Amino acid sequence: MKKIKIHKEGYSILLVIALLLIVSNVLIWRTDASLALKATNIVVTFALYGFIAFFFRNPSRVIEVDDNNMVIAPADGRVCAIEATEVYEFFGGEKMMQVSIFMSPLSVHANWYPISGRILYTKHHKGRHVAAYLPKSSSENERSVTVIECANGNKIMAQQVAGAMARRIVTYAAVGHPCSINEHMGFIKFGSRMDIFLPLDSKIYVDLHESTRGNETIIARLPDKNN
């Protein structure tokens, strides 16, 4: 039986919630509430804590690829957009292929690097918190942008987008540092979206509404390019 691992981003939150739930249960048991109400409170407590722990689960996934141009899904979820779009941040209006993955509150919310390479650029943008499945969330919501240069010179952008419930995006990327598939690039807390922007002539292997598994599903193959 596999042990359920908790992502490090959940440690402090789970500790605080555990303390709050313990205090609330002690206070309720010290009142004159009925035994049925007290028992119900305990059941709700365990269910709530179990759900939050489930949200911060951290599955161990390792993928081996023999093609450095393969782009791997950075997140669990469902493909909500595949379209050509103009990307102005960093790329100055270059037309690129966008593949977006919507993560529900039940998805694993750890994010992986979609490809190995070197971090060229990273920036956090403050913004709104509209539903992450809406197209405007890519440009209006709070988001964190990371640009990766691959071994053959191709450049891609991975964008973590906060959703209606999400209130914190964590990004580990640092400019100039190497990155690799099988490594976490960050974490988004409570409902969100991942956008990947690829060279326009990339080969896309997923379809709209298809489910993805982070660090397992092959999203696309970048075009061959000489340095």
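This is a predicted model: local features need pLDDT of at least 70, side-chain atom pairs count only at pLDDT 80 or more; totals for chains, interfaces and linings use all residues.

Let me begin with the surface: the accessible surface of this protein comes to about 11,700 Å², and 59% of that belongs to carbon and sulfur atoms. Accessible areas here come from the Shrake-Rupley method with a 1.4 Å probe, and for residues only the protein chains shown count as cover. Residues are numbered from 1 along each chain as its sequence is written, and side-chain values use heavy atoms, with hydrogens and water left out.

The protein has three helices and 14 strands, where helices (H or I, at least four residues) and strands (E, at least two) are DSSP runs numbered from the N terminus. Of the 227 residues, 46% are buried; buried means under 20% relative accessible area, exposed means over 50%, and partly exposed is in between, again with a 1.4 Å probe and protein chains only. If we take contacts between residues at least 6 apart in sequence, 73% of them join residues at least 24 apart, a contact being heavy atoms within 4.5 Å.

Now please find strand E6, residues 143–149. Why can we call E6 largely enclosed by the rest of the structure? Six of its seven residues are buried, so the strand is largely enclosed. On one hand, E6 is joined to strand E5, residues 117–125, by seven bridges, and these two run antiparallel; two strands pair, by the rule used here, if DSSP finds at least two bridges between them. Within that pairing, Thr122 has Thr146 of E6 as its bridge partner. E6 also pairs with strand E7, residues 155–162, in the antiparallel sense over seven bridges, and there Val145 stands opposite Gln159 in E7. The hairpin of E6 and E7 has five residues between the strands, and Gly153 in this hairpin takes a positive phi near 100°.

Phe90, which has a positive phi of about 70°, lies in the loop between strand E2 (77–87) and E3, and Asn182, with a positive phi of about 80°, is found in the loop between strand E9 (178–179) and E10. Phe90 is partly exposed, with a relative accessible area of 37%, and Asn182 counts as partly exposed too, at 31%.

Which residues have the most contacts inside the largest nonpolar core? They are Val71, Leu198 and Ile219, in a core of 27 residues; a nonpolar core is a set of buried Ala, Val, Leu, Ile, Met, Phe, Trp, Tyr and Cys residues joined through side-chain atoms within 4.5 Å. Strands E3 (94–103), E7, E10 (184–189), E11 (192–199) and E14 each supply at least two residues of this core. Apart from it lies another core, of twelve residues, among them Leu14, Val108, Ala110 and Phe187. Leaving aside neighbours within four places in sequence, Leu198 is in contact with several residues, including Val71, Met96, Ile156 and Leu222.

Strand E14 also belongs to an open sheet of three strands, in the order E1-E14-E12, with antiparallel pairing. Strands E1 (70–72) and E12 (203–204) stand at the edges, each with a single partner strand, so one side of each is left without a neighbour in the sheet. Two bridges join E12 to E14, residues 218–221, and Ile204 has Ala220 in E14 as its bridge partner.

Finally, the charged residues. The structure holds seven salt bridges, a salt bridge being a side-chain nitrogen of Lys or Arg within 4 Å of a carboxyl oxygen of Asp or Glu. Arg193 forms one with Asp195, the closest N and O atoms being 2.8 Å apart, and both of these residues are buried. Arg221 forms another with Asp224, at 3.0 Å between the closest N and O atoms; here Arg221 counts as partly exposed at 23% relative accessibility, whereas Asp224 counts as exposed at 61%. Asp67, Arg221 and Asp224 are linked in a network of salt bridges.
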